[in-house]
Amino acid sequence: MPQVQLPFFSEEFTPINCDLGFQRKDQLVVYFHGSLPVFQHQAGDLAAFRRFTSQLVINGTASHEEIARAFNLPLGTVKRYVDLSRRTGLKSFLADS
C-alpha cells in the first residue's frame, strides 16, 4: 500500500502550490512535485524558466497566478509566455537571440 511522504525541504525551498515548489541552490534552480525533482535549469537560463513554467500552466499543474506569485512576476508576463507557448509551441523559447 502506498504511503504518504512528508516533504522535508530546506529554507531555500519556495512553494508554488500545495504540490509544487522550487529551490535555488548556488546557480541551479530545481523544481519539485511533491518530494520528487522534476526539472532543473541554471539560474540565469531565462528561456528554460519560461519554457518550464509555461508548461506547468498548460498542463494544469499550476495556475498563471501561482507562477506569478511564486516568482514575483507581473501576471501579464506569465500569461504572455503561456500564450506564446500555446500558439507556437515550446520551440519558441529555443530561438537564437
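Here is a walk through this predicted model, from its strands to its core and then to its loops.

Strand β2 covers residues 20–25 and strand β3 covers residues 28–33. The two pair in the antiparallel sense, over 6 bridges. One of these bridges links lysine 25 with leucine 28 in β3. Together β2 and β3 make a hairpin with 2 residues between them. Follow the chain onward and you meet a second hairpin, that of β3 and β4, again with 2 residues between the strands. Here too the strands run antiparallel, and 6 bridges join β3 to β4. Across this pairing, tyrosine 31 stands opposite phenylalanine 39 in β4. In the β3 and β4 hairpin, glycine 34 has a positive phi near 70°.

Now turn to helix α1, which spans residues 46–59. How far does α1 reach from its first C-alpha to its last? The answer is 20 Å for its 14 residues, close to the 20 Å expected at 1.5 Å a residue. Several residues of α1 are buried: Ala48, Phe49, Phe52, Thr53, Ser54, Leu56 and Val57. What do they pack against? Their partners are β2, β3, β4, α2 and α3. After α1 comes glycine 60, with a positive phi near 85°.

Next, look inside. In soluble globular proteins, nonpolar side chains tend to be buried together. In this model, the largest nonpolar core has 16 residues. Which of them touch the most other members? They are Ile16, Phe22, Tyr31, Leu56, Ala62, Ile67 and Phe71. This core draws at least two residues from each of β2, β3, α1, α2 and α3. Take leucine 56 as an example: leaving aside residues up to four places away in sequence, leucine 56 touches Leu20, Thr61, Ala62 and Ile67.

Aromatic rings deserve a stop of their own. A pair of aromatic rings is described by the distance of the centres and the angle of the planes. The structure holds 8 such aromatic pairs. One of them joins phenylalanine 22 to tyrosine 31, with 6.2 Å from centre to centre and 40° between the planes, a tilted arrangement. Both phenylalanine 22 and tyrosine 31 are buried. Phenylalanine 22 also pairs with phenylalanine 71, and this pair is stacked, at 4.3 Å centre to centre and 20° between the planes. Phenylalanine 22 sits in strand β2 and phenylalanine 71 in helix α2, so their pair ties together parts that are 49 residues apart in sequence. Phenylalanine 71 is buried, as is phenylalanine 22. If you step back, you will find one aromatic cluster made of Phe22, Tyr31, Phe39, Phe49, Phe52 and Phe71.

Finally, visit two loops. Most residues other than glycine have a negative phi, and most peptide bonds are trans. You will find aspartate 26 in the loop between β2 and β3. Is aspartate 26 buried or exposed? Aspartate 26 counts as exposed because its relative accessibility is 66%, and the cut-off for exposed is over 50%. Asparagine 72 also has a positive phi, near 55°. Its place is in the loop between α2 and α3. Asparagine 72 counts as exposed because its relative accessibility is 71%.

Terms used. Residues are numbered from 1 along each chain as its sequence is written. This is a predicted model: local features need pLDDT of at least 70, side-chain atom pairs count only at pLDDT 80 or more; totals for chains, interfaces and linings use all residues. Side-chain values use heavy atoms; hydrogens and water are left out. A nonpolar core is a set of buried Ala, Val, Leu, Ile, Met, Phe, Trp, Tyr and Cys residues joined through side-chain atoms within 4.5 Å. Buried means under 20% relative accessible area, exposed over 50%, partly exposed in between (1.4 Å probe, protein chains only). Helices (H or I, at least four residues) and strands (E, at least two) are DSSP runs, numbered from the N terminus. Contact means heavy atoms within 4.5 Å. The expected span of a helix is 1.5 Å times one less than its number of residues. Rings of Phe, Tyr and Trp (its six-membered ring) pair if their centres lie within 6.5 Å; planes under 30 degrees apart count as stacked, over 60 as edge-to-face and the rest as tilted. Two strands pair if DSSP finds at least two bridges between them.
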